[in-house]
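Please view the sequence and the structure below before turning to the notes.

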Amino acid sequence: MAIHIVIVGGSFGGLTAAFELRHHLDPDQVKITLISKNSRFVFIPSLPWVAIGRRNVDEISFALAPVLARKYVDFVCDSVERIDAAKKTVSTGAGDYRYDFLVVATGHRSANEKVPGLGPFDGPGHSLMSAPEAEELNEAIAHLLHQPGPVVVAAAPGASCIGPAYEFAFEIDHLLRRRRLRHQVPITFVTPEPFLGHMGMGGAGAIRQMLEGALDERDIPYQTSAAVTGIGVDAVEVAGSGSIPSALSMVIPPLAGVAAVANSPGLANPNGFVPVDERYRHPDADGVYAIGVATAMPPVAPTPVPVNFPKTGDMTEQMATVAAADIVARITGGEATVAELRARCVMDMGDEGIYMSVDPVRPPRDTIPTISKGRRWLWAKRAFERTYLFTARHGRRVPTALGW
């Protein structure tokens, strides 16, 4: 009987794991099944562009089934209800799937309930952590252009994905300047970080000074070590500093583990994240791996307002590659290598971009971080998006030299 590997999740981690595993393991010997509640892959880093109107969701997504079929990977479009690590089964609405190895790449659940008023569907606050939220935010921006008013861009306490907040602040500023409306729209940036550019990794080189200068140049006042406590129709509440007027608010929420993982006994911590070792193996559940946002990663250091460890698409793919290599080694014999996580990303600033390379993510670091700003990085970000989507859509392992 063939060895069966089940992958739960069809985003960066799940897709990369499937490609890596199939590259090294013959379909006649190893069966791979990928289960995802979504039928389409969405390039999450481009969601700020969807919100701002530069992209639509169809342009940054593709159907998973035909791509996986080319790689001899079975695709199941269904929601996972439970994982039984003792019996080695994954339960969905359509039935159970037994595994020899399991890769948990479920991504996150946005814990919007941690910020009262953060919708977008049941409150006035907006986010952009999913395609529907980005589309809803795009509608709110269209309304703002007709009825200008103050904007608040923020990350909530405990957020781990703060980069999109910076991008959105710069992008909305750039859009308003092009529409000759910026003088009617005050923008305020609020972050739990102890300083700008901390981003959950303790900062990197000159990124703090670069971001401080960029926000000052654009007349965007900012608050650090700030905790958003509530969002109203016309204001955002911040602990210790009162209300900030807001006709439109975009707040990045803290993240939590998805229900199927959180509710599976012995699999996750109280927040729903899966504990792992340096090879992304679960310490107790045999054959179980977790990658990406689903993993439990402690913060780099305590901060006055909680800021969690960052988890980017590039870092998720690094985890997927290490986990896949370890599974291959266990099946074929051998020892897989491990490596510390690095961070490489390009931040859109509207009219230019910032490139940042940090290795490793957790300080101290043997190498000096690379920080560079210029229009060329904005072009590089756009080119990378197209390159990634093209290669992934054709079932090929994607180049990640640039990162994101």
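The notes below are grouped by topic, from the overall form of the chain to individual residues.

The model is a predicted one. The secondary structure comes to 9 helices and 22 strands.

**Overall form**

- Taken along the principal axes, the box filled by the C-alpha atoms is roughly 70 × 45 × 40 Å.
- Of the 404 residues in the chain, 58% are buried.

**Salt bridges**

- Side chains of opposite charge can pair when their charged atoms come close.
- The count of salt bridges in this model is 21.
- One of them joins Asp348 and Arg54, whose closest N and O atoms are 3.2 Å apart. This pair links distant parts of the chain, 294 residues apart: Asp348 belongs to strand 20 (residues 343-348), and Arg54 to the loop between helix 2 (47-52) and strand 4 (61-63).
- Asp348 counts as buried because its relative accessibility is 0%, under the 20% limit. Arg54 is partly exposed, with a relative accessible area of 24%.

- Arg218 meets Asp351 in a salt bridge with an N to O distance of 3.3 Å. Arg218 is in the loop between helix 6 (207-217) and strand 13 (222-223), while Asp351 is in the loop between strand 20 and strand 21 (353-358), so the bridge ties together parts that are 133 residues apart in sequence.
- Arg218 is buried at 8% relative accessibility, whereas Asp351 is partly exposed, with a relative accessible area of 30%.
- A salt bridge also forms between the side chains of Arg218 and Glu352, at 3.5 Å from N to O. Glu352 lies in the loop between strand 20 and strand 21, so this pair ties together parts that are 134 residues apart in sequence.
- Arg218 and Glu352 are both buried. Through salt bridges that share partners, Glu217, Arg218, Asp351, Glu352 and Lys373 are joined into one network.

**A negative surface patch**

- Asp58, Glu59, Glu135 and Glu139 form a negative surface patch.
- Within this group, Glu135 is located in helix 4 (residues 131-146). Glu135 is partly exposed, its relative accessible area being 41%.

**Backbone features**

- Most residues other than glycine have a negative phi, and most peptide bonds are trans.
- Tyr72 is not a glycine, yet has a positive phi of about 55°. Tyr72 sits in the loop between helix 3 (64-70) and strand 5 (74-77) and is exposed, with a relative accessible area of 58%.
- Tyr280 likewise has a positive phi, of about 65°, although it is not a glycine. Its place is the loop between helix 7 and strand 19, and at 5% relative accessibility Tyr280 is buried.
- The peptide bond from Asp359 to Pro360 is cis, with omega near -5°; Pro360 lies in the loop between strand 21 and strand 22 (370-374).
- The bond from Pro363 to Pro364 is a cis peptide bond with omega near 5°. Pro364 is found in the loop between strand 21 and strand 22.

**A glycine pair**

- Gly272 and Gly257 are 15 residues apart along the chain, and their C-alpha atoms are separated by 3.9 Å.
- Gly272 belongs to the loop between helix 7 (259-262) and strand 19 (288-290) and is buried, with a relative accessible area of 3%.

Definitions and conventions. Residues are numbered from 1 along each chain as its sequence is written. This is a predicted model: local features need pLDDT of at least 70, side-chain atom pairs count only at pLDDT 80 or more; totals for chains, interfaces and linings use all residues. Side-chain values use heavy atoms; hydrogens and water are left out. Patches are made of residues with over 30% relative accessible area and no salt bridge: like charges are joined within 9 Å, nonpolar side chains (Val, Leu, Ile, Met, Phe, Trp, Tyr) within 5 Å. Accessible areas come from the Shrake-Rupley method with a 1.4 Å probe; for residues, only the protein chains shown count as cover. A salt bridge is a side-chain nitrogen of Lys or Arg within 4 Å of a carboxyl oxygen of Asp or Glu. Lys and Arg count as positive and Asp and Glu as negative; His and the chain ends are not counted. The place of a charge is taken as NZ of Lys, CZ of Arg, CG of Asp or CD of Glu. Helices (H or I, at least four residues) and strands (E, at least two) are DSSP runs, numbered from the N terminus. Buried means under 20% relative accessible area, exposed over 50%, partly exposed in between (1.4 Å probe, protein chains only).
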